[in-house]
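Please work through the exercises below with the sequence and the model side by side. Each task is followed by a solution that goes step by step.

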Amino acid sequence: MFQEIKELIHYRLKKNLILEEITNNYGIFLKIECDNLYKVISFLKKDPDIKISMLEQIIALPNNSFYWPQSGYQDKFSLVYQFKSLKMPYKISLIVYLEKDMLFIRCIKKLYKCADFFQKDLYEKYRVEFEEL
């Protein structure tokens, strides 16, 4: 099932936007570039086959929290966007790496209104600023 989701993202967005992936019993974890975050989230919400309907949380984690190689990411931390489908039995997490001195990322509250709460929390704790375009 998770391989199908990854292939749908590749096929329908016409680009290879997923840098790496991990699949386990909790769901699928996709590492993507910060510049592609809004596009992928918008796709996951609107695509009728994936049916992601709920943003569970946005959290900041140190990079050693993930299993993939950390080369080149020592001075960064990660934002993890966790989504859930209310119709399908899976969760999808999108992981983006941020540099500590570049803490700007695109706001997603137009897609998920609850994102505003999570984004304000991340600003207060880590000074991550979310831009509305």
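## Exercises on the fold and its core

**Exercise 1.** State how many helices and strands the chain has, and give their order.

Solution. In this predicted model, the secondary structure of the chain comes to 3 helices and 7 strands. Reading from the N terminus on, one then finds the order α-β-β-α-β-β-β-β-α-β.

**Exercise 2.** Find where in the chain confidence is lowest and where it is highest.

Solution. Then turn to the elements: confidence is lowest in helix H1 (residues 2-13), with a mean of 76, and highest in helix H3 (residues 115-126), where the mean is 92.

**Exercise 3.** Describe the largest nonpolar core and the elements that supply it.

Solution. As background, 44% of the 133 residues of the chain count as buried. The largest nonpolar core has 39 residues, and those with the most contacts inside it are Ile50, Leu79, Tyr81, Ile92 and Leu94. At least two residues of this core come from each of H1, strand E2 (27-32), helix H2 (37-46), strand E3 (54-62), strand E4 (76-84), strand E5 (91-99) and H3, and the largest share, 6 residues, is that of H2.

**Exercise 4.** List contacts of leucine 94, leaving aside its neighbours within four places in sequence.

Solution. With those neighbours set aside, leucine 94 is in contact with Leu30, Ile32, Leu37, Val40, Ile41, Leu44, Leu79, Val80, Tyr81 and Phe83.

Definitions and conventions. Residues are numbered from 1 along each chain as its sequence is written. This is a predicted model: local features need pLDDT of at least 70, side-chain atom pairs count only at pLDDT 80 or more; totals for chains, interfaces and linings use all residues. Side-chain values use heavy atoms; hydrogens and water are left out. pLDDT is the predictor's confidence in each residue, from 0 to 100. Helices (H or I, at least four residues) and strands (E, at least two) are DSSP runs, numbered from the N terminus. A nonpolar core is a set of buried Ala, Val, Leu, Ile, Met, Phe, Trp, Tyr and Cys residues joined through side-chain atoms within 4.5 Å. Buried means under 20% relative accessible area, exposed over 50%, partly exposed in between (1.4 Å probe, protein chains only). Contact means heavy atoms within 4.5 Å.
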